[in-house]
Amino acid sequence: MFTVPKPFCHADERLALLQIKESFVINNSASSSPDAYPKTESWKPEEENGDCCSWEGVECDDITGHVITLDLGSSYLHGSINSSSSLFRLVHLEWLNLSDNVFNSFEIPSSEVRGTLSKLTSLDLSNCDLRGGFPTGIFDQLPTLQYLNLNSNQKLTGSLPDIQSNHALLELDLANTSLYGELPESIGNFKSLEHLDIWNCHFSGKVPHSLALTLDLSYNNFYGEIPSFLANLTQLAYLSLATNNFVPGTLSWLGSLTNIDYLDLTNTSLTGNIPSSLRNLTKITKLYFKANNLSGQIPPWIGNLTELNEIKFQGNILSGSIPESIFKLENLELLELQLNRLSGILKLGSFLEMKKLYRLQLSGNYLSLHTDASFNGTPPKFKLLGLASCNLSEFPSFLRSQDELEFLELSSNKIHGQIPNWFWNVGTETLRIYLNQNQLHGRIPRSLVHCTELEVLNLGNNRINDSFPYWLGTLPKLRVLILRANKLHGVIGKSQANSDFSRLQIIDLSDNSLRGKLPSQYFSIWNAMKVANTNHSSLYMNANTSTQSREYLWSDYYNYEVTLTNKGIDLKYKNVPDVLSAIDFSSNEFEGEIPETIGNLKLIRMLNLSNNNLIGHITSSLGEISELESLDLSGNKLSGRIPPELAKLNFLEKFNVSYNNLEGPIPREAQFNTFDSDSFKGNSRLCGKPLSEYCGNLVALPPTLLAPQEDEGIGSVLKFDRKIVLIGYGVGLITGMPLHC
């Protein structure tokens with residue numbers, strides 16, 4: 001017995017590979033994968049007789065020695081591929097992976113050299129920073145292509161070309177690009193197409209009649225009714241039409257898709273009851289109808305779909321009780337019903353008997369959950385548990401055993417008393433807990449000082465009786481601190497170190513009993529309110545609620561929302577800008593002057609110091625907070641004139657200095673011309689528009705400029721009964737306190 005030695009690669013192909021190497025530069029920022037490495041560095045030109053078939057990323061045919069596979073994915077390559085590239089001299093190539101590099105363009109040779117890659121069956125150009133239009137001729141000149149991946153090229157624009165003749169393509173992935181226009185009807189010329197993914201593109205128009213067995217049209221701009229001809233695709237196993245501009249229509253045809261396994265109609269303008277035709281889908285495992293206008297009850301027959309392992313019905317107007325049949329779904333792993341109008345009394349133990357369930361969201365309904373002390377079984381290991389607004393009166397005891405929990409939502413319940421000591425041992429090190437709007441009392445747990453990953457702490461609207469938690473200043477990632485409407489008392493005092501609260505952007509201590517002077521030293525060191533952090537990848541503040549199951553990864557980020565209520569008028573940020581800063585110290589017992597140092601916090605957009613005992617002049621340094629949108633200093637004992645420097649605040653929308661001891665003319669420049677008399681009432685010595693009091697000769701007098709020694713410590717207060725309320729934005733997140741312990 002002897003083995004036939006494998007042939008060496010051909011000299012012309014080795015030369016082509018070396019020329020390909022020389023056409024690119026190695027740039028460590030060109031690939032994002034943690035497994036990236038420069039594969040072409042092993043290609044050595046000095047090895048004249050070397051076998052290029054042994055080079056990294058190169059595979060040759062065992063018999064002919066021709067290069068048939070080239071895998072340069074995640075290789076730190078940067079450059080362009082034009083029609084004269086040596087790549088097209090590898091005429092026997094069957095499989096080509098160039099993903100996760102930076103190629104500004106990819107040009108296929110023109111028709112005179114047609115067929116240079118005529119054997120290519122797989123081409124992966126995903127995440128390559130391709131720009132411009134769809135690569136021309138890619139279907140005509142690659143006739144054997146079966147797999148094409150252009151995913152995650154967000155600067156790839158233009159429309160999908162017409163398909164001129166029958167083509168062998170099986171899978172086409174265009175997700176997360178900027179391609180637009182209508183899908184051509186000629187897409188039906190892909191006679192063997194099984195998978196089409198155009199998630200998060202800009203396609204519009206009506207859906208073509210001829211489509212694939214795996215069909216993802218989500219996150220586009222398709223309109224009209226959801227096409228009933230999809231009923232003809234009886235072999236369809238995967239269908240996602242999520243987040244388009246469809247209009248309500250009948251879905252009775254869904255019952256024809258008896259082979260479907262995955263159905264996602266999220267945010268598709270569905271109305272009426274859950275379609276009864278779904279009862280025929282006995283093979284379905286994942287059913288997503290979230291963010292629609294479905295009404296009526298969850299039908300009892302849903303318990304007959306025994307293969308179901310994921311149900312997402314959140315964000316509808318479903319009412320009535322949760323059917324008992326749902327507890328018979330033995331394979332159910334994920335159940336999300338939050339933000340509906342479901343009602344009724346449920347035993348928590350019914351959910352605890354579902355052994356595979358590890359993600360349960362019931363928040364934001366009208367349910368009453370009864371904790372069952374008699375339950376003595378072994379509950380499932382939850383990763384996510386949302387029980388906000390479920391009329392709970394105590395911490396469920398089964399939580400003691402939940403050591404895999406990553407997200408726990410217990411806000412807006414009736415949980416009273418102190419937080420039990422065992423509670424701080426629940427979950428993983430990165431557990432996020434939401435406890436606000438309960439009836440908790442006692443002190444803020446000192447164990448929070450060990451939660452070094454904590455970004456948001458919301459214990460608002462409880463009965464916490466404590467002093468200001470200065471010791472939280474050591475937390476390196478804390479960005480939002482909400483302690484409003486509790487029983488905090490005492491003085492804030494001085495910082496312990498210059499690094500205290502260095503990342504803090506939003507602080508709400510309103511409606512407490514704090515006293516003493518405003519914390520001028522903290523105003524000097526709250527650096528995140530001075531200079532924007534450019535390292536964040538998101539434009540908005542969010543909570544990462546991503547979880548991973550045995551088979552799937554959910555990347556969920558819920559954007560926070562800030563709402564300020566000014567005497568019934570809401571100033572609302574549905575997506576809180578990542579650079580947003582806000583301070584609300586209203587309705588306390590602060591005294592003294594407003595520190596001039598507050599003017600250093602140039603990123604503040606909302607400042608509320610109302611309903612305190614502040615004295616002195618309004619500091620002109622407030623005019624340096626150029627982003628300020630809302631300023632409330634009402635209900636204090638401030639005196640002197642309104643500084644003309646405040647007229648420089650071009651973004652100021654809400655302004656209130658009512659019920660102080662201010663005097664002199666009201667500035668009449670810029671935004672001050674938009675404020676009504678309510679902003680100034682209760683100051684008997686103020687004059688000028690919009691008040692009825694005439695200033696007389698005072699109008700012609702130059703403004704009174706305060707000497708430096710008079711300015712120091714002078715501040716202004718913002719107050720309109722405005723409260724900062726931090727709530728989760730997105731399906732499934734209610735106001736709360738995320739902990740990362």
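Q: How many aromatic pairs does the count come to?
A: The count comes to 24 aromatic pairs in this predicted model.

Q: Pick one. What kind of pair do Trp199 and Tyr219 form?
A: Trp199 and Tyr219 are edge-to-face. Their centres are 5.5 Å apart, with 70° between the planes.

Q: Where do those two sit in the chain?
A: Both are in loops, 20 residues apart. Trp199 is in the loop between β11 (195–197) and β12 (202–205). Tyr219 is in the loop between β13 (214–216) and β14 (221–225). The pair links distant parts of the chain.

Q: Next pair. Why are Tyr262 and Tyr288 called edge-to-face?
A: Their planes are at 80°, and planes over 60 degrees apart count as edge-to-face. The ring centres are 5.4 Å apart.

Q: Which strands hold Tyr262 and Tyr288?
A: Tyr262 is in strand β17 (residues 262–264). Tyr288 is in strand β19 (residues 286–288). They are 26 residues apart, and this pair links distant parts of the chain.

Q: Is Tyr288 buried or exposed?
A: Buried, with a relative accessible area of 6%. Tyr262 counts as buried too, at 15% relative accessibility.

Q: What sits over the ring of Tyr288?
A: The charged end of Lys312 does, 4.7 Å from the ring centre.

Q: And which residues form one aromatic cluster?
A: Phe468, Phe501, Tyr522, Phe523 and Trp526.

Q: Switching to strands. What is the order in the open sheet of seven strands?
A: The order is β32-β34-β36-β43-β45-β47-β49. The pairing is parallel.

Q: Which strands stand at the edges?
A: β32 (456–458) and β49 (654–656). Each has a single partner strand, so one side of each is left without a neighbour in the sheet.

Q: By how much are neighbouring strands of this sheet turned against each other?
A: By 10° on average, direction ignored.

Q: Back to β49. How many bridges does it share with β47?
A: Three bridges. Strand β47 (residues 630–632) and β49 pair in the parallel sense.

Q: Which residue stands opposite Asn656 in β49?
A: Asp632 does.

How values were computed. Residues are numbered from 1 along each chain as its sequence is written. This is a predicted model: local features need pLDDT of at least 70, side-chain atom pairs count only at pLDDT 80 or more; totals for chains, interfaces and linings use all residues. Side-chain values use heavy atoms; hydrogens and water are left out. Rings of Phe, Tyr and Trp (its six-membered ring) pair if their centres lie within 6.5 Å; planes under 30 degrees apart count as stacked, over 60 as edge-to-face and the rest as tilted. Helices (H or I, at least four residues) and strands (E, at least two) are DSSP runs, numbered from the N terminus. Buried means under 20% relative accessible area, exposed over 50%, partly exposed in between (1.4 Å probe, protein chains only). A charge sits over a ring if NZ of Lys or CZ of Arg is within 6 Å of the ring centre and within 35 degrees of the ring normal. Two strands pair if DSSP finds at least two bridges between them. Axes are lines fitted to C-alpha atoms, for helices over the stretch in contact, and angles run from 0 to 180 degrees between N-to-C directions.
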